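Thanks for coming, everyone. Let me put the structure up, and then I will walk you through it piece by piece.

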Amino acid sequence: MHSYVLISAFLLCGVMDARKIRGISSSYKRFYRERRSFLCIDGSKVIPFEHVNDDYCDCEDGSDEPGTSACSRGRFYCTNLGFRPHYIPSSRVNDGICDCCDTSDEYNSHAQCHNSCWNLGQRERAYVEGQMKTLDEGLRLKQQLIEDGVVLWREKQAQLRGLQQLAEDLQVKLEECRRRKHEAERLKEKTLDIQLVRDAGYVHTQENSKKSENNSESEVALEQGEEQPVIQAKIKGTAGGYEGEDPLLKAAARAAEQEVSDLKKVEEAYETVNMEISELQKKLAIDYGVDWEFLYLNNQCYELSVHEYSYSLCPFSHVTQKSNTGTEVSLGKWGMWTGTPELYSQMIYENGEPCWQGGSRSTTVTLTCGTETGLRLVKEPSKCQYIMDLQTPVACQPVLKQRGIHSEL
């Protein structure tokens with residue numbers, strides 16, 4: 001009889017102990033040690049310890065009922081050995097639905113639960129392993145892109161210096177062409193003046209020889225001395241295009257035309273080079289990351305079709321949306337980096353085409369780690385406000401590997 005009492009007491013103690021600690025994580029078990037009284041974890045009340053897990057809520061924070069559904073604010077801890085532990089609202093305890101993969105939340109219901117933690121853990125671990133492999137490969141590719149970015153940045157700087165030197169050379173050549181054009185025009189004018197004088201003498205001689213044969217009106221005009229413009233007109237009329245036939249004048253005219261043509265070509269070249277310099281300086285002024293790792297995204301465009309629309313993202317330039325009918329709409333132009341806590345994790349494209357409800361369209365692009373570069377997601381969570389997910393190796397961060405993924409596994 002005495003042995004029976006001891007065994008009964010031992011079993012009852014085990015049952016009570018299980019009732020008391022059910023739904024508690026190991027880090028909170030120190031608050032539920034057997035004692036005469038229990039202090040609510042928020043410090044609001046002290047209750048007898050036997051009131052813990054008695055299916056009646058005494059504490060405002062629900063800490064006295066971690067293993068029952070008595071408290072509306074209570075939480076039940078799923079241990080989920082082999083998978084990720086987590087909390088569920090205490091209202092889900094013994095509600096006939098299995099929320100914990102270890103079935104611990106349905107300890108007093110008729111739910112047909114099966115422990116699935118091991119299978120879930122295997123899938124989770126396989127997923128984590130795949131993520132870690134992706135991260136390793138992404139970091140390797142990122143390092144290569146960093147090295148390529150440094151080389152490309154130096155090449156762009158060398159290209160800029162070359163263009164600036166070319167612009168200086170063209171400036172000198174431009175001044176020389178202007179000088180030569182001016183001299184050629186002066187030479188042409190002098191040659192023309194010489195021919196005008198010679199032609200004027202020729203006409204005067206011809207008119208004197210025919211003076212007796214001309215009518216009195218012509219004689220009076222020559223004797224009074226006509227003004228130079230009238231003589232030039234007569235030269236052109238009587239010489240029959242004589243100046244065009246003069247080799248020296250023709251050569252001077254051709255030389256002047258050639259200098260004008262050369263000057264125009266140099267001016268066009270000078271303007272083109274300056275435009276290239278300006279464009280390159282704008283590109284080099286963009287923040288491509290600490291190690292210029294994002295430089296390779298410049299001059300690239302990535303597309304993704306979603307339903308009836310085709311979206312195009314050209315990093316550091318613009319974002320567009322094109323419908324099946326061919327209508328293209330600007331969703332924003334390159335603005336800035338705006339990630340937190342990692343600065344180079346989000347891009348803002350703003351000042352797109354006006355929206356019918358006011359304001360202009362804008363796009364936020366989030367960069368995520370991946371072994372390839374491409375658009376993976378496009379959404380419009382609010383009217384005329386778009387979000388995109390651009391996967392790229394340069395978004396991979398070593399800190400993710402240091403922390404681990406789901407370390408509780």
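Start with a charge and a ring. Arg22 lies over the face of Tyr107, at 3.7 Å from the ring centre. Keep in mind that this is a predicted model. There is another contact of this kind to look at. The charged end of Arg125 sits over the ring of Trp118, 5.0 Å from its centre.

Now, salt bridges. How many does a search of the whole structure find? Nine. Take Glu124 and Arg84 to begin with. They form a salt bridge, and their closest N and O atoms are 3.1 Å apart. Glu124 lies in helix H2, while Arg84 is in the loop between strand E3 and strand E4, so the pair ties together parts that are 40 residues apart in sequence. Are the two partners buried or exposed? Glu124 counts as buried, because its relative accessibility is 12% and the cut-off for buried is under 20%. Arg84 is at 28%, so Arg84 counts as partly exposed.

Asn80 is not a glycine, yet its phi is positive, about 50°. Asn80 is buried, with a relative accessible area of 1%.

Back to helix H2, which covers residues 117-209. Further along, Glu175 and Arg178 meet through their side chains in a salt bridge, 3.2 Å from N to O. Why about one helical turn between them? Because the two are three residues apart in helix H2. Glu175 is partly exposed at 40% relative accessible area. Arg178 is partly exposed too, at 38%.

Next pair: Glu185 and Lys181. Their salt bridge has its closest N and O atoms 3.0 Å apart. These two are four residues apart in helix H2, so they too are separated by about one helical turn. Glu185 counts as partly exposed at 30% relative accessibility. Lys181 is partly exposed as well, with 22%. Then there is a network. Glu176, Arg179 and Glu183 are linked in it by salt bridges.

On to the aromatics. The structure holds 14 aromatic pairs. One of them joins Trp153 and Trp292: the ring centres are 5.0 Å apart and the planes are at 15°, so the pair is stacked. Trp153 is buried, at 14% relative accessible area. Trp292 is partly exposed, at 27%.

There is also an aromatic cluster. Its members are Tyr288, Phe294, Phe316, Trp334, Trp337, Tyr344 and Tyr349. Hold on to Phe316.

E5 covers residues 302-306 and E6 covers residues 309-314. How do they pair, and over how many bridges? They are antiparallel, with five bridges. Ser305 has Ser310 in E6 as its bridge partner. The two strands form a hairpin with two residues between them. In that turn, His307 has a positive phi of about 60°.

E6 has another antiparallel partner: six bridges join E6 to strand E7, residues 318-323. Tyr309 has Ser323 in E7 as its bridge partner.

One more positive phi. Asn351 is a residue other than glycine, and its phi is near 60°. Where is Asn351? In the loop between strand E9, residues 346-350, and strand E10, residues 362-369. Asn351 counts as exposed, because its relative accessibility is 52% and exposed begins over 50%.

Last stop, the surface. Tyr28, Phe31, Ile41 and Tyr87 form a nonpolar patch there, with about 300 Å² of accessible area together. Ile41 sits in the loop between strand E1 and strand E2. Ile41 is partly exposed, at 33% relative accessible area.

That is the tour. Over to you for questions.

Technical notes
Residues numbered from 1 in each chain as written. Predicted model: local features only at pLDDT ≥ 70, side-chain atom pairs only at ≥ 80, totals over all residues. Heavy atoms only, no water. Pairing = 2+ DSSP bridges. Patch = residues over 30% accessible without salt bridge, like charges linked within 9 Å, V, L, I, M, F, W, Y side chains within 5 Å. Areas by Shrake-Rupley, 256 points an atom, 1.4 Å probe, with all protein chains shown as cover. Salt bridge = Lys/Arg side-chain N within 4 Å of Asp/Glu carboxyl O. Buried < 20%, exposed > 50% of the residue type's maximum accessible area, 1.4 Å probe, protein only. Phe/Tyr/Trp six-rings, centres within 6.5 Å; stacked < 30°, edge-to-face > 60°. Lys NZ or Arg CZ within 6 Å of the ring centre and 35° of its normal.
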